[in-house]
Amino acid sequence: MQERSSVGDLANRLRQELNRYSPGGKLPSSRALVDRYRVSPVTVTRALAQLAAEGLVVTRPGAGAFRAEHRTTARPGGDTSWQEVTLSADAAAEPVPRTVDASGVLASLAAPPPGVVEFNGGYLHPSLQPERAMGAALSRAGRRPGAWSRPPMEGLPELREWFARGIGGAVGAAEVLVTAGGQSGLTTALRALAPPGAPVLVESPTYPGMLAIARAAGLRPVPVPVDSDGVKPELLADAFRATGARVFVCQPLFQNPTGAVLAPARRGEVLRIARDAGAFVIEDDFVRRLVHTDAGPLPRPLAAEDQDGVVVHVGSLTKATSPSFRVSALAARGPVLERLRAIQVVDTFFVPRPLQEAALELVGSPAWPRHLRTVSAELKARRDAMTAALRLRLPELALPHVPFGGYHLWVRLPDGTDESALVAAALRADVAVAPGRPYFSAEPPAAHLRLSFAAVAGTEEIAEGVRRLRTAYDEVRT
């Protein structure tokens with residue numbers, strides 16, 4: 001039978017017809033719905049499940065589906081204005097208010113409306129995600145003996161070993177904790193290493209999600225500028241001396257948003273400077289598996305070159321798979337590992353075992369290296385397409401660095417350009433872009449945009465998105 005209606009379409013039809021039945025009345029059988037709407041039994045089952053989740057239908061095994069009883073009218077809400085006083089009083093007592101500004105994170109997480117080109121996305125387009133391989137891995141994982149039992153709190157030994165091999169150097173499985181995504185790993189690391197009110201050194205510009213974590217924890221982000229070779233060691237040393245900070249957060253590989261790779265001559269300097277300051281380096285190695293085909297050999301993680309326990313390493317599978325495949329590693333050497341472990345256990349207990357088992361199944365399958373090769377080639381093609389389109393249609397935008405990995409470009413707007421106005425005009429032109437302001441912990445030196453080429457359907461959509469951005473730019477500059 002040819003499928004003629006999606007789950008959503010069928011759910012909408014059934015929702016419109018519910019008034020035909022009295023509360024508690026029985027709906028037609030699944031077989032009757034299959035025949036009436038010429039859909040598969042799976043589509044019927046999923047549509048009924050959607051209506052059940054909305055509270056419109058009740059399904060009873062062996063009896064069928066019934067219209068739900070009328071829901072009682074919700075009571076009017078109370079007066080919550082008292083919370084403003086309480087929350088403000090808490091903030092006033094803190095040395096650094098723990099304000100939570102999620103706007104920079106939401107810019108890359110929120111799905112734009114239909115028809116809008118998604119240049120603001122932070123994850124692979126569904127066509128690039130290994131959905132079939134992940135589904136097969138999850139299916140096999142669910143059949144593993146003990147797959148639904150409680151895992152070790154540190155993570156499955158085999159998965160910890162796999163992450164340790166990927167880091168290299170002297171890092172072993174015993175120094176790895178499995179965490180629920182890179183954001184969770186960063187949160188645990190910052191909470192473990194810096195008390196509320198303390199300064200924390202960050203790259204400038206840097207990932208807005210990390211700035212949000214720091215501020216929510218009551219930390220004080222202090223910017224250290226980066227260039228095309230990564231963080232500047234002399235400015236890093238100055239920042240340590242001036243602030244007394246004991247933590248520096250960096251992305252040495254394909255930095256977000258600039259795409260810079262920490263230069264070989266600077267790697268040892270960064271570790272030495274941090275060690276002399278008695279400080280930790282949190283290494284956010286978030287896109288190592290999104291390297292482009294023309295990148296050449298990658299530098300090892302900083303953690304692989306660290307002998308003294310300076311580096312706390314965060315690495316994740318999420319960017320190379322799916323936003324819902326939240327499996328990552330937190331690696332550290334020395335006494336700090338126990339503190340990291342304790343905080344993670346208190347916060348989350350452990351990463352669900354089925355997800356860890358699925359990760360093992362995925363990375364151990366022949367589909368995994370094939371997927372990485374496919375994504376590597378596709379990202380290069382998309383990067384080249386966006387670079388060419390920008391140079392052709394928007395030569396006014398400066399593109400100082402074209403990265404060999406990651407999923408976005410960082411462009412500087414001409415002096416005098418209103419960044420917020422351009423972002424708004426772009427959305428009116430049906431293209432969503434990420435503003436540059438949230439990537440800076442202090443006043444930005446110029447207006448910027450971050451343009452993702454991974455969240456779109458392909459190179460044709462990239463060309464169309466840049467054309468729309470040109471329209472928005474002309475609107476703002478005239």
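This is a predicted model: local features need pLDDT of at least 70, side-chain atom pairs count only at pLDDT 80 or more; totals for chains, interfaces and linings use all residues.
Let me start with a helix pair, where Glu158, Leu159 and Trp162 in H7 meet Gln356, Ala359, Leu360 and Val363 in H13.

Two packed helices are described by the angle between their axes and the distance between the axes. For helix H7, residues 157–167, and helix H13, residues 353–363, the angle is about 50 degrees and the axes are 9 Å apart. Angles under 35 degrees would count as roughly parallel and those from 65 to 115 as roughly perpendicular, and H7 and H13 are therefore oblique to each other. As for handedness, H7 passes H13 in a left-handed crossing.

Now to the sheets. There is an open sheet of eight strands, with mixed pairing, and its order is E4-E11-E10-E9-E8-E5-E6-E7. Strand E4, at 176–179, and strand E7, at 230–231, each have a single partner strand and stand at the edges, so one side of each is left without a neighbour in the sheet. Packed on this sheet is helix H12, residues 336–348, which touches E4, strand E9 (280–285), strand E10 (311–316) and strand E11 (328–331), and whose direction makes about 20 degrees with that of E4. Elsewhere in the order, strand E5, residues 199–204, pairs with strand E6, residues 220–227, in the parallel sense over six bridges, and within that pairing Val202 stands opposite Pro223 in E6.

Another cis peptide bond joins Asn256 and Pro257, here with omega about 20 degrees, and Pro257 lies in the loop between strand E8 (247–250) and helix H11 (264–276).

Two residues with positive phi also deserve a mention. Phe349, in the loop between H12 and H13, has phi near 65 degrees, a positive value in a residue other than glycine. Is the side of the story told by accessibility that Phe349 is buried or exposed? At 55% relative accessibility, Phe349 counts as exposed, the cut-off for that class being over 50%. Asp430, likewise not a glycine, has a positive phi of about 70 degrees and lies in the loop between helix H15 (419–428) and strand E13 (431–432); with a relative accessible area of 35%, Asp430 is partly exposed.

That leaves an open sheet of three strands, ordered E12-E15-E14, with antiparallel pairing. E12 and strand E14, the latter at 434–435, stand at the edges with a single partner strand each, so one side of each is left without a neighbour in the sheet. Even so, four of the five residues of strand E12, residues 408–412, are buried, so E12 is largely enclosed by the rest of the structure. E12 and strand E15, residues 448–452, pair in the antiparallel sense over five bridges, while E14 and E15 pair over two. Leu449 in E15 has Val411 opposite it, and Pro435 also stands opposite Leu449. Finally, helix H14, residues 367–393, lies across E12 and E15, running at about 20 degrees to E12.

Conventions:
Residues are numbered from 1 along each chain as its sequence is written. Side-chain values use heavy atoms; hydrogens and water are left out. Two strands pair if DSSP finds at least two bridges between them. Contact means heavy atoms within 4.5 Å. Axes are lines fitted to C-alpha atoms, for helices over the stretch in contact, and angles run from 0 to 180 degrees between N-to-C directions. Angles under 35 degrees count as roughly parallel, over 145 as roughly antiparallel, 65 to 115 as roughly perpendicular and the rest as oblique. A crossing is left-handed if the near helix is turned anticlockwise from the far one by less than a right angle, and right-handed if clockwise. Buried means under 20% relative accessible area, exposed over 50%, partly exposed in between (1.4 Å probe, protein chains only).
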